[in-house]
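Dear colleague,

Please find below the structure that I am handing over to you.

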Amino acid sequence: MQEMENRILILDYGSQFTQLIARRVREERVYCEIHSPAVSIDWIREFAPRGIILSGGPSSVYGADAPPFDAAILDLGVPVLGICYGMQLIAQAAGAAVEPGKREYGRAELRIADTSELFHGFDAAEPVTVWASHGDHVDQSPAGFDVLASTRDLPVAAFRRTGSPVFGVQFHPEVAHTPRGDEILSNFTFRICGCEPTWTAGSFIDDHISRIREQVGDAHVICGLSGGVDSSVAAALVHRAIGDQLTCIFVDNGLLRKNEREGVERAFRRHLGAHLVVVDAREQFLNRLEGIEEPEEKRRRIGETFIRVFERAAEDAGRDAKFLVQGTLYPDVIESRSVRGPSAVIKTHHNVGGLPEDLGFELVEPLRELFKDEVRQVGRELGLPEELVGRHPFPGPGLAIRVLGAISEERLAVLREADAIYLEEIRAADLYDDIWQAFAVLLPVRSVGVMGDARTYDNVVALRAVTSRDGMTADWYPFPPDVLGRMSSRIINEVDGVNRVCYDISSKPPATIEWE
């Protein structure tokens, strides 16, 4: 494929923002992949990237636990961009001292000395806001390197090896807090690496149809259909590839939102045309979750039960399925385990963690290299309706991780009603498409209230709504006060057992989007 010859390699040194680098490159319609820094020089030559980006990371380049770096990368004749820790790797390899101190956390003003190539289109007379997050620094650029930019505290905030396309920046162009960071990455991708914008939803579909057919052959395949964006698009893509070889199984696990089951059946029988089996496993899931409060244990039990139900459903459908389709995405993978680099584990995701070791299926995960908005683009290209591809994300474990603490049918019923009212009010205010994800959470506490001159001691519901580009970082959504007031009033008046509503104004980081 053309994009395979027109790609960027990102080496992950452990930054929580590595996925954002990939996201920004792909926004330029250039394919990229993230890999461990332990890959060999021979592997990199075979991969044949147009450019290499070295990510940030939590280590110090002079530390005993620093990830590996082969300085031969700098002499492959391929453009290199080091970001934060990646810049320090380049500096150290070239003989410069990397020192602790002069920390910068947050916004800084960058003064540009050279507006060619990496900073093409910038004005040297105008300082540029960038976002920094580092404790180590480079005071003097290595011999044979030119200083491209500085900040008030750092004389070397960006450099380039003289006569060679090896660059480093001490700030993070990939984050939204660097407003013109996209331009810097675009300059590297196109002006310096010579890439072309060939990677599109259409090319992704064509490539993965071939991959899916090659992987599964003439075998039967089942898909775990939740009705959310990810599983819907995964099912549509696999169905496009293999048609009637696919059976979609929708499991009612008792952890769904209000009217979720009916909506999924209606939408998929109308739009997808694939064979759909609906399994009522509510009692089985709730029995497995009885008395369980710890979030990771909830996820593990749900994952195990999910597979067991699938095995039986596949047998009952009379088809000897060998493959299981899952809608795993890039953010799921990076937050679940360090598969490509030393990034910190945040939490296990249902699609990629908690599955039993004796899994009886080979996984088909056609979306695991995509971000959420890329999945939506693929879904639209496949002809799925906006009511499916435009939905907010919904986690695999469902309401189990939104009912904090122990789960019961009574507590689930309270949350369902509160969540439904919340989403109704968001849509009524015409705000649904402005928000990346919104949901209600039932807290494991009760509070004193007054209703009809009588004391109450009832549940507390928290409302969460965030804006985001990709789910890796997020800000809370600033609802108009009158909208929040209507939401609170309706939930308290219409949902039995609730006497208090709170609004979550935490960003990610430090919080995650989901509460568990």
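The axes of helix α5 (residues 201–216) and helix α6 approach to within 9 Å and cross at roughly 65 degrees. That angle makes α5 roughly perpendicular to α6, a class that covers 65 to 115 degrees, with under 35 degrees counted as roughly parallel, over 145 as roughly antiparallel and the rest as oblique. The axes are lines fitted to C-alpha atoms, for helices over the stretch in contact, and angles run from 0 to 180 degrees between N-to-C directions. Helices (H or I, at least four residues) and strands (E, at least two) are DSSP runs, numbered from the N terminus.

The crossing of α5 and α6 is right-handed; a crossing has this hand if the near helix is turned clockwise from the far one by less than a right angle, and is left-handed if anticlockwise. On the α5 side, the contact (heavy atoms within 4.5 Å) is made by Phe204, Ile205, His208, Ile209, Ile212, Arg213 and Val216, and on the α6 side by Leu237, Val238, Arg240, Ala241 and Ile242. By class, this contact of α5 with α6 has nine nonpolar, one polar and two charged residues. Here Ala, Val, Leu, Ile, Met, Phe, Trp, Tyr, Cys and Pro count as nonpolar, Asp, Glu, Lys and Arg as charged, and the others, Gly among them, as polar.

The model is predicted: local features need pLDDT of at least 70, side-chain atom pairs count only at pLDDT 80 or more, and totals for chains, interfaces and linings use all residues. Residues are numbered from 1 along each chain as its sequence is written, and side-chain values use heavy atoms, with hydrogens and water left out.

Helix α6 (residues 229–242) also packs with helix α11 (residues 372–381), their axes coming within 9 Å and crossing at roughly 45 degrees. That makes α6 oblique to α11. The crossing of α6 and α11 is left-handed. Val229, Asp230, Val233 and Arg240 of α6 meet Lys372, Val375, Arg376, Val378, Gly379 and Glu381 of α11. The residues of this contact of α6 with α11 comprise four nonpolar, one polar and five charged.

Leaving aside neighbours within four places in sequence, Ile426 is in contact with Leu431, Tyr432, Ile435, Ala438, Phe479 and Met487.

A cis peptide bond joins Lys508 and Pro509, with omega about -15 degrees, and another cis peptide bond joins Pro509 and Pro510, with omega about 10 degrees. Pro509 lies in the segment after β18 (498–503), where Pro510 is also found.

Arg29, in the loop between α1 (18–27) and β2 (31–35), has a positive phi near 65 degrees. Its relative accessibility of 42% makes Arg29 partly exposed. Ala48, in the loop between α2 (41–47) and β3 (51–54), has a positive phi near 55 degrees. Ala48 is partly exposed, at 42% relative accessible area.

With kind regards

How values were computed
Buried < 20%, exposed > 50% of the residue type's maximum accessible area, 1.4 Å probe, protein only.
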